[in-house]
Amino acid sequence: MTEDHHSAVVEVRGISRCYGEGETAVHALRDVSLCIRAGELTLLFGPSGSGKTTLLQILGALLHPSDGEVPLLQQRITGRDEEQLAALRRQHCGFVFQHYNLLSTLRVWENVAIARSVVDATGSLSRHAEEACTLLRQLGLSGLERRFPNQLSGGQKQRVAIARAMLMKPRLLLADEPTAALDAVAGRRVAAVLNALAHVRRCAVVVVTHDRRLIPFADRVLTLADGELVSDQRVHANGQMRPYSISVHPPHR
Ligand code: ADP
Ligand code: MG
């Protein structure tokens with residue numbers, strides 16, 4: 001296998017991120033370099049406070065690094081104004097946040113379909129609604145389409161947020177602990193759907209998680225500790241993990 005530059009969706013090089021200044025400064029990320037590719041489900045592990053959410057936000061151009069480059073979809077983002085960045089994100093990125101962000105006055109199916117219909121004004125709302133209901137079914141939410149968010153459990157809201165992000169047909173989907181509120185069965189369902197999104201739709205999917213049960217569904221596992229990327233492993237079909245490398249020849253010592 002040779003390195004496929006075309007499949008790179010977002011690439012960060014030597015990025016650092018610091019919150020605050022002086023004595024109280026927190027170094028949330030230190031010198032992180034990595035390339036996220038289309039067609040792969042990548043999991044991001046690490047203890048609380050290790051920088052996972054910070055890295056996810058930088059990958060999605062929601063946050064700027066203090067230092068380093070972040071080309072998103074082969075385009076440089078440094079120097080762009082907020083409006084241009086927002087347009088880039090709207091068109092290509094899907095986000096699933098920890099706090100769902102569902103609109104309380106809209107029904108479940110409307111929450112899923114609305115963002116898509118804003119961006120894709122040429123598509124009819126009924127088609128978006130139909131696609132929304134298909135996704136909701138795949139995520140195990142059949143029968144809940146007409147409920148309002150306050151009539152759902154945390155795990156159900158989480159899956160509505162996933163359906164909404166997926167309906168945007170993003171090239172990059174970023175999810176922060178999307179299975180945290182789910183039982184084992186629902187967690188596996190979500191993992192399978194995210195895996196299909198990567199493999200069938202060739203989306204680059206990055207998931208922050210503490211849930212090791214997701215590993216068999218993933219292609220790659222990254223681990224952060226104290227703001228540093230301490231391991232980068234590929235998941236093989238038998239569930240074993242090896243160093244993530246795109247070259248065939250392992251380095252000789
Ligand atoms: P994780 O998602 O792995 O728990 P975060 O990326 O949220 O880690 O945070 C990494 C570090 O940066 C933590 O020490 C956290 O307290 C700090 N941090 C995160 N966001 C902010 C912020 N907005 N202001 C100050 N410190 C922050
Ligand atoms: Mg976090």
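Visitor: Which residues of helix 5 does helix 4 meet?

Guide: Helices here are DSSP runs (H or I, at least four residues), numbered from the N terminus, and contact means C-beta atoms, placed from the backbone, within 7 Å. From helix 4, the residues taking part are His128, Glu131, Ala132, Leu135 and Leu136. Their partners in helix 5 are Ala163, Met166 and Leu167.

Visitor: Before we go on, what should I know about the model and its numbering?

Guide: Residues count from 1 along each chain as its sequence is written, while chains are lettered from A and ligands numbered from 1 in the order in which they are written. It's a predicted model, so local features need pLDDT of at least 70 and side-chain atom pairs count only at pLDDT 80 or more, whereas totals for chains, interfaces and linings use all residues.

Visitor: At what angle do the axes of helix 4 and helix 5 cross?

Guide: Axes are lines fitted to C-alpha atoms over the stretch in contact, with angles from 0 to 180 degrees between N-to-C directions. Helix 5 covers residues 154-167, and its axis comes within 10 Å of that of helix 4. The crossing is right-handed, and its angle is roughly 135°.

Visitor: And what angle do helix 3 and helix 4 make?

Guide: Helix 3 spans residues 108-119 and helix 4 spans residues 125-138. Their axes come within 9 Å, and helix 3 passes helix 4 in a right-handed crossing. The angle is roughly 125°.

Visitor: Which residues of helix 4 meet helix 3?

Guide: Helix 3 brings Val108, Trp109, Val112, Ala113, Arg116 and Ser117 to this contact. On the helix 4 side, the residues are Leu125, His128, Ala129, Ala132, Cys133, Leu135 and Leu136.

Visitor: Why is helix 1 described as largely enclosed?

Guide: A residue is buried if 20 or more other C-beta atoms lie within 10 Å of its own. In helix 1 that list reads Lys52, Thr54, Leu55, Leu56, Ile58 and Leu59. Strand 1 (8-19) and strand 3 (41-45) are among the elements covering them. Helix 1 is largely enclosed because the buried residues number six of the eight.

Visitor: Which element gives the largest share of the shell around ligand 1?

Guide: A residue is near the ligand if its C-beta atom, placed from the backbone, lies within 6 Å of it. The residues around ligand 1 include Gly49, Ser50, Gly51, Lys52, Thr53 and Thr54. Strand 2 (26-37) and helix 1 (52-59) each give two or more residues. The largest share, three residues, comes from helix 1.

Conventions
A crossing is left-handed if the near helix is turned anticlockwise from the far one by less than a right angle, and right-handed if clockwise. Two residues are in contact if their C-beta atoms, placed from the backbone, lie within 7 Å. A residue is buried if 20 or more other C-beta atoms lie within 10 Å of its own, exposed if 12 or fewer, and partly exposed in between; C-beta atoms are placed from the backbone.
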